[in-house]
Amino acid sequence: MNARMPHDAAADHPSAPAETDIAIIGTGFAGLGMAIRLRQSGLTDFLVAEKADSVGGTWRDNHYPGCACDVQSHVYSFSFAPNPRWSRMFARQPEIRAYLDDCVRRFGVERHLRFGHELTSAIYDDTRRRWHLRFANGQQWSARVLISAMGGLSRASTPNIPGIETFKGRAFHSQHWDHGYPLEGKRVAVIGTGASAIQFVPQIAPRVAHLDLFQRTPPWIMPKADRAVRPIEQWLFKHLPFTQKVMRSALYCMLESRALGFAVHPSLMKTAQKVAERHLRRQVRDPQLRATLTPDYTMGCKRILISNDYFPALSRANVSVTTSAIERIDEDAVITSDGVRHPADCLIFGTGFQVADPFAQGVVRGRGGVDIVDTWRDGAHAYLGTTLPGYPNFFMIVGPNTGLGHNSMVFMIESQVEYILRALKAMQNEGAAAIEVRPHVERAYNEQIQQQLGRAIWSTGGCKSWYLDPRTGKNTTLWPGFAYKFRRATSTFSMADYFAYSPAPKSVNVNVSAHAAATQSAHVQGKASASAEAT
Ligand code: N01
């Protein structure tokens with residue numbers, strides 16, 4: 001896919017920011033979905049910044065062996081872009097990436113894409129009511145609306161294990177898989193047993209001399225109902241599209257029913273747990289290994305994983321599962337707390353992502369230059385996972401508390417995209433240059449969310465997971481329950497929830513950098529003028 005712009009107007013005038021009405025950051029499902037729906041709604045004054053040189057987000061960045069979706073592809077795709085050609089029930093990474101490439105061409109969004117644009121800072125200029133964006137390549141944009149579609153799982157997390165810098169072999173995170181490094185005949189240490197590791201371990205186990213898997217917490221694993229999509233099904237999906245809609249709806253309802261156990265009656269999870277226990281019994285004969293792989297918390301507390309080949313891989317003679325804590329790393333081995341040395345030529349980190357701090361320090365700064373990292377010091381929060389007081393005209397897709405453990409994230413993404421479209425239309429209709437969610441609205445919303453989460457399996461299931469903010473223990477990642485309730489909550493946009501600001505006077509032309517460094521007094525002044533103009 002090569003959707004690079006042949007000519008970038010801003011490149012001719014590096015000092016003058018490119019003006020755009022709407023700036024979208026990221027080209028995964030969220031950024032592309034937003035871009036497509038903007039075009040379909042007749043809004044074409046927008047640019048999409050992408051740090052890499054192609055689209056795809058997580059499906060471009062994660063390409064480890066065995067990388068695949070663990071939600072059925074008929075549901076894990078845009079409602080407005082069905083794909084009758086899915087080859088399997090759970091498509092693999094190359095096919096999902098190709099689907100997103102195809103969406104770019106199909107919906108004509110190439111002309112809006114700007115590759116090689118890594119956002120380094122986005123600062124809100126309250127005087128001009130615009131966001132000033134800077135990119136690592138030196139480009140600058142000025143945008144009225146900023147939409148973050150950067151994803152919650154894009155920043156790899158690699159543990160800072162003592163001695164790690166002394167390791168002489170090859171080491172990489174699952175997201176940065178080194179396909180050029182031959183694993184054949186090597187002693188490989190894999191750290192982590194999450195959704196990524198359980199997909200790549202079965203792929204590499206037959207190739208390596210020995211694989212040491214370091215497990216801190218065993219996951220609950222269910223059988224994966226995967227199979228090839230039959231040619232007759234593909235024919236039906238293509239020629240009688242309603243058949244795919246029926247399939248999609250049936251899968252959606254099946255997945256949605258799982259929220260009952262997660263959020264409504266956590267005790268139901270005990271029943272589902274029996275299926276996982278049977279799966280483990282059937283696939284692992286060795287009672288000691290089985291005991292090692294049996295979780296001691298209620299199923300659902302951590303993400304439920306699906307796999308048919310993970311347990312058989314761990315039963316191989318060249319694979320050992322180690323549960324002793326990793327104490328340190330030497331130049332050629334992992335040393336565990338029981339004093340055992342596990343020789344290794346290669347370390348692979350399946351250790352997940354930095355979820356609690358979705359933005360790096362200094363990247364997103366709202367009114368008065370306040371960094372979003374500081375606003376979220378006690379945990380991330382937002383209204384409908386989308387808007388935040390102090391950050392006018394800033395919208396997040398896959399923001400706080402929009403994650404799902406039971407259904408398709410694309411459903412949530414589409415809900416937010418439609419909500420943002422409604423907000424943009426409402427601003428247009430009311431002649432508002434900017435909107436900002438009212439603090440009490442956002443606060444009341446989050447209090448209710450946290451109350452519901454307190455009763456859910458993620459809080460009561462007896463485990464520690466990345467769903468919970470490590471600083472506060474608050475669940476800042478998941479939506480507490482049925483996905484359709486989020487769809488309902490985002491299906492109307494009420495201006496009463498927001499301050500609306502009139503356009504800035506034309507003569508105002510403030511140096512943005514100076515403004516970003518503005519002091520608290522400017523912040524207060526900005527607030528006063530904002531509320532004076534609020535409608
Ligand atoms: O990461 P994880 P992931 N020492 O955070 C362990 C999505 N995804 O990349 O459980 C030792 O789940 C950690 O142990 P513990 C999906 O949303 C989707 O696998 O914390 N171990 C855990 O075992 C998923 O949830 C698909 O005790 C350490 C593992 O590393 C999310 O990505 C596919 C450690 C991390 O597991 C993340 O999955 C793949 C340490 N210091 C991923 N630090 C789909 O199919 C961490 N661990 C859609």
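At what angle do helix α2 and helix α4 pack, and how far apart are their axes? The angle is about 20°, and the axes are 10 Å apart.

## About the model

This is a predicted model: local features need pLDDT of at least 70, side-chain atom pairs count only at pLDDT 80 or more, and totals for chains, interfaces and linings use all residues. Residues are numbered from 1 along each chain as its sequence is written, and side-chain values use heavy atoms, leaving out hydrogens and water.

Two packed helices are described by the angle between their axes and the distance between the axes. Axes are lines fitted to C-alpha atoms, for helices over the stretch in contact; angles run from 0 to 180 degrees between N-to-C directions. Helices (H or I, at least four residues) and strands (E, at least two) are DSSP runs, numbered from the N terminus.

Helix α2 covers residues 29-40, and helix α4 covers residues 93-106. The two are therefore roughly parallel to each other. (Angles under 35 degrees count as roughly parallel, over 145 as roughly antiparallel, 65 to 115 as roughly perpendicular and the rest as oblique.) α2 passes α4 in a left-handed crossing. (A crossing is left-handed if the near helix is turned anticlockwise from the far one by less than a right angle, and right-handed if clockwise.) From α2, the contact uses F29, L32 and I36; from α4, it uses I96, Y99, L100, C103 and V104. Contact means heavy atoms within 4.5 Å. Eight of these contact residues are nonpolar, with no polar and no charged ones. (Ala, Val, Leu, Ile, Met, Phe, Trp, Tyr, Cys and Pro count as nonpolar, Asp, Glu, Lys and Arg as charged, and the others, Gly among them, as polar.)

## Helices α2 and α13

α2 also packs with helix α13 (residues 409-430), at an angle of about 40° and with axes 10 Å apart. That makes α2 oblique to α13. Here the crossing is right-handed. The α2 side of the contact includes F29, G33 and R37, while the α13 side includes V410, E418 and L424. The contact residues divide into 10 nonpolar, one polar and two charged.

## Helices α6 and α7

Helix α6 (residues 231-239) and helix α7 (residues 242-257) have axes that come within 6 Å and cross at roughly 110°. They are therefore roughly perpendicular to each other. E233, L236 and F237 of α6 meet T243, Q244 and M247 of α7. Three of the contact residues are nonpolar, two polar and one charged.

## Two domains

Domain 1 is 17-154 + 357-534, and domain 2 is 164-226 + 238-349. These bounds come from an automatic or database domain assignment. The C-alpha centres of the domains lie 30 Å apart. Domain 1 gives 48 residues to the contact, and domain 2 gives 39.

The area buried between them is about 3900 Å², with 57% from carbon and sulfur atoms. (Buried area is the accessible area, 1.4 Å probe, that two parts lose on being put together, summed over both.)
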